[in-house]
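Me: I am new to reading models of protein complexes. Could you take me through one, feature by feature?

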Amino acid sequence: MSTRKRLCERLILQIYGGKPTDDAEITPNQVNEWLNDAVAAAAKSNYRENIQLESTAYVNGAFHMTYSDLPVVRDYGDDFLYKVQLPHIPVAIGIDQGVGSVRFRKGYTSFDAIPLNNKQSAFASDMRTIPNKILYSTEGKFLFLTTTIQLNEFTARVRMISGGDSKNMDSEVNVPDDYMPEMILYINKMLATQRSSPVDLQNDGRDLKK
Amino acid sequence: MTPKEVYDLMLFIHRKNQSKSFAEEECNAYVNAASDSYLVYCLGEFEQYQYGKPAARVQLGNNAVIRDRISPFISPLTPITASAATGIAELPTDYLAFDAMFWGSSMKKVRCVEPDRLDSHINSDIDPIESNPVFIFIKNNFQFFPKTITGVTLSYVQRPIRFSYNFNTVDDRREYDAGNSKALPWRNTEMMEVIARALAMSGVSLQARDVQQYAQTIKTQGA
């Protein structure tokens, strides 16, 4: 396991063939941006390999991370509809692999909420709301929840595929070591493209043309 | 090397080469010019730039040897204070060339950027200037972005003090005045390069190693 800062430094050392100078264009923050993509690509690769090797569609638990105390707000226009903002958009693996489970806390913890895919949520919206059950579907960065419970008094606890806190460089990269080489290869490829691209060295008001 | 050692050596070489008389004033002028010339060479001359590759063959930071040679002129880390309103800080009075700049207790780099890339730095979301400060040179000043930056330290190449061989005239004879003379801070090995350049300017073409031999001769046989 490695922190984001450490992994970014390792990649910069590799791309520059040693310690970078103060003129180095590739910065840890920039590598961190690529890291988010690489984590998602690694999770997708794990999903694909599991199907090929075990004929079962799943993403290994090592890619999952639980985010707690996410506020729940009532969504406008519907008494039984609530909304939770996730730390990032869930990965689009399978029907609902991006978000593993959703629970709610207010002194005690609820059972898992029931996931719905797009079509199921269309059916569910035409049905009477099921008492004491929480249904959810994902939409971009949000979870939309349908329930008769006053959910805005609770906080959400979401287990989802995530590389960790991308804004905190001291946080650990939530990817198992066996998928690190894949991520490193991907990021190196992206950074090598940047390093080998022609640079406009003239301040002449014209863009560089090959 | 003391100014007297420098002058005696140059005078000795001039005599060996049977050239014209060599006055102390000439020595001061040539040695100062030669010192500047050698320092510019070490810092990287534009004339040596190759087409399409903006880097001199020899330049500051190129390798540890060059840096070691000019180390007598590299300042200790110097705090720089910029105006909070304009973000402008004046260059130190003895500033000659930029070496490196740091910011904050973690010594984060403050990057010197090209003005035609300045807007890319100022408007960057990935590396916002608030946590990745940059500067440009403007009218003999540093212009920082963000303008409110504080806690900046600078490492720079200092302008050498001027070499001067001073004398007092006693009974129509010039006697060396050690108290009012000023030596250059170059180390002895680098002074040979400076003296060789000064001699070339005064009409004697010698390599630094030949100058070294003459210096040894003076030590063993006297001037």
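**Where the chains meet**

Reply: Start at one residue. N203(A) touches E114(B) and D116(B), leaving aside residues up to four places away in sequence. Keep in mind that this is a predicted model.

Me: Where in chain A is N203(A) found?

Reply: N203(A) lies in the segment after α4 of chain A.

Me: Is N203(A) buried or exposed?

Reply: Count the C-beta neighbours. N203(A) has 10 C-beta neighbours inside 10 Å, so N203(A) counts as exposed. Now look along chain A. A156(A) is 47 residues apart from N203(A) along the chain, and their C-alpha atoms are separated by 53 Å.

Me: How many residues of chain A are in contact with chain B?

Reply: Seven residues of chain A are in contact with eight residues of chain B. On the chain A side, one is nonpolar, four are polar and two are charged. For the complex, the predictor gives an ipTM of 0.76 and a pTM of 0.76.

Me: How do I read a helix?

Reply: Begin with the general idea. An α-helix has 3.6 residues a turn, so residues three or four places apart point the same way. Now take helix α4 of chain A, residues 180-196. This helix has 17 residues. From first C-alpha to last, α4(A) reaches 24 Å, close to the 24 Å expected at 1.5 Å a residue.

Me: Which residues of α4(A) are buried?

Reply: They are M183(A), I187(A) and L191(A). These residues cover an arc of only 50 degrees around the axis, so they sit on the same side of α4(A).

Me: What do the buried residues of α4(A) pack against?

Reply: They pack against α1 (4-16) and α2 (28-54) of chain A. Now turn to the face away from the buried side. That face of α4(A) carries exposed residues, including P181(A), L185(A) and K189(A).

**Strands and sheets in chain B**

Me: How do I read a sheet?

Reply: Strands of a sheet pair through backbone hydrogen bonds, either parallel or antiparallel. Chain B has six helices and ten strands. Four strands form an open sheet in chain B, in the order β2-β7-β6-β5, with mixed pairing.

Me: Which strands of that sheet are the edge strands?

Reply: They are β2 (88-90) and β5 (111-112) of chain B, and each pairs on one side only. Now look at β6 (residues 134-138) and β7 (residues 141-145) of chain B. These two strands pair in the antiparallel sense over five bridges. In one of these bridges, I136(B) has Q143(B) in β7(B) as its partner.

Me: What pairs with β8 of chain B?

Reply: Strand β1 (residues 78-80) of chain B pairs with β8 (residues 152-158) in the antiparallel sense, over three bridges. There, the bridge partner of I80(B) is V152(B). Strand β3 (residues 95-103) of chain B also runs antiparallel to β8(B), and seven bridges join them. Here A97(B) has V157(B) as its bridge partner.

Me: How do I use pLDDT?

Reply: Where pLDDT is low, the predicted coordinates should not be read in detail. The mean pLDDT of chain B is 85, and 89% of its residues reach 70 or more.

Me: Which element of chain B has the lowest mean pLDDT, and which the highest?

Reply: Helix α6 (residues 208-221) of chain B has the lowest, at 73. The highest is that of β7(B), at 94.

Conventions: Residues are numbered from 1 along each chain as its sequence is written. Chains are lettered from A and ligands numbered from 1 in the order in which they are written. This is a predicted model: local features need pLDDT of at least 70, side-chain atom pairs count only at pLDDT 80 or more; totals for chains, interfaces and linings use all residues. Two strands pair if DSSP finds at least two bridges between them. Two residues are in contact if their C-beta atoms, placed from the backbone, lie within 7 Å. Ala, Val, Leu, Ile, Met, Phe, Trp, Tyr, Cys and Pro count as nonpolar, Asp, Glu, Lys and Arg as charged, and the others, Gly among them, as polar. The expected span of a helix is 1.5 Å times one less than its number of residues. A residue is buried if 20 or more other C-beta atoms lie within 10 Å of its own, exposed if 12 or fewer, and partly exposed in between; C-beta atoms are placed from the backbone. The arc is that of the directions from the helix axis to the C-beta atoms. pLDDT is the predictor's confidence in each residue, from 0 to 100.
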